Amino acid sequence: VRGVARFGEVIVDANGGCAAVSYPAEEQVYFILEGAGFVTYGEEKHAIRENDFMYFPPGIKHSVANSSPTPIRVIVMGFKIPAGIPVNPPDSLLIANAGDVKHETVSGHPSSVLYRLLMGDTHSTRDRIAAGLVLTSLYIMDFEPGGTNFPHHHESEEEIYLLLEGTGDIVAGGGMDGIEGRHPARPGDAYFFRLNCTVGFYASSQAGPKARILAVRSLFPRRAP
């Protein structure tokens, strides 16, 4: 892992909260798996609910609190900002809900998987939120039974898959035929894909919940020649 600073789950108990944090050289993204409450963004306070996703730029103090009787589960993703990259923090929190993002196909991938393009870099025109300095893509994949996104490579990005629902086989580190390097996966499994590693997924064809993956890609840090 080179460009990823952190990837984990925070559980905030009923009526609990996290201390405010600020990272001068790290951008963060939160995805709310369950629950409701609020986050702070500098001096602002924003309500949050299940399937919300939001962006915290470097240097902005932020926190999460739970005002409900049940726990909040939050996926916290952080990415290292190399020295010299200009940072222009948004005046207000950039936040949206995955349920409001349309399903669509993506060029080069079959129709057996539909994407919700949540967040991209600052130049993105296809994602709901365009914010990332190192983050290039945050998205959800919904697979039909037996569906796949085809094994592929990324030449400039690291990637993480988190299986939210369903079962299937993660393809990691194997050949482009998708046979080599297949690993049975169940909800809660997270996979990190290094630079140029084969990455892919084959959803189970058996009855049960459809497979759903939360995925994030970020730039691999490269030294200047």
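How many nonpolar, polar and charged residues are in the lining of the second largest pocket? By class, that lining has seven nonpolar, one polar and four charged residues. Here, Ala, Val, Leu, Ile, Met, Phe, Trp, Tyr, Cys and Pro count as nonpolar, Asp, Glu, Lys and Arg as charged, and the others, Gly among them, as polar.

Before going on, keep in mind that this is a predicted model, where local features need pLDDT of at least 70, side-chain atom pairs count only at pLDDT 80 or more, and totals for chains, interfaces and linings use all residues. Residues are numbered from 1 along each chain as its sequence is written, and side-chain values use heavy atoms, with hydrogens and water left out.

## Two pockets

Rolling a probe the size of a water molecule over the atoms shows where empty space is left. A pocket is an open set of points on a 1 Å grid over the protein atoms alone, where a 1.4 Å probe fits and protein lies on both sides within 12 Å along at least five of seven lines; lining residues have an atom within 4 Å of a point. A volume is the space filled by probe spheres set on the points.

The second largest pocket has a volume of about 240 Å³. Twelve residues line it, and Pro82, Leu219, Phe220, Pro221 and Arg222 are the closest to its centre.

The largest pocket holds about 330 Å³ of space. Its lining is made of 21 residues, with Leu33, Arg73, Leu162, Leu163 and Leu164 nearest the centre. Sorted by class, this lining has ten nonpolar, four polar and seven charged residues. Where do they come from? Strands E1 (4-12), E2 (26-34), E7 (72-80) and E12 (157-165) each supply at least two residues of the lining, and E12 gives the most, with four. Strands (E) are DSSP runs of at least two residues, numbered from the N terminus.

Now find the three strands that form an open sheet in the order E4-E3-E6, with antiparallel pairing. Two strands pair if DSSP finds at least two bridges between them. Strand E4 (44-48) and strand E6 (62-66) are at the edges with a single partner strand each, so one side of each has no neighbour in the sheet. On average, neighbouring strands of this sheet are turned by 25 degrees against each other, direction ignored; the axes behind such angles are lines fitted to C-alpha atoms, and angles run from 0 to 180 degrees between N-to-C directions.

Strand E3 (residues 37-41) is joined to E4 by five bridges. Look for tyrosine 41: its bridge partner in E4 is glutamate 44.

## Two residues with positive phi

Most residues other than glycine have a negative phi. Asparagine 15, though, has a positive phi, near 60 degrees, and sits in the loop between E1 and E2. Phenylalanine 150 has a positive phi too, near 65 degrees, and you'll find it in the loop between strand E11 (135-143) and E12.

Are these residues buried or exposed? Buried means under 20% relative accessible area, exposed over 50%, and partly exposed in between (1.4 Å probe, protein chains only). Asparagine 15 is exposed, at 62%, while phenylalanine 150 is partly exposed, at 43%.

## Salt bridges

A salt bridge is a side-chain nitrogen of Lys or Arg within 4 Å of a carboxyl oxygen of Asp or Glu. By this rule there are eleven salt bridges, including these:

| Pair | N to O distance |
|---|---|
| Glutamate 9 and arginine 73 | 2.6 Å |
| Arginine 217 and glutamate 157 | 3.2 Å |
| Arginine 217 and glutamate 159 | 4.0 Å |

Arginine 217 is buried, at 14% relative accessible area, and glutamate 157 is buried at 12%. Glutamate 159 also lies in strand E12, so its pair with arginine 217 ties together parts 58 residues apart in sequence; glutamate 159 is buried too.

Finally, a network of salt bridges links Arg116, Asp142, Glu165 and Arg212.
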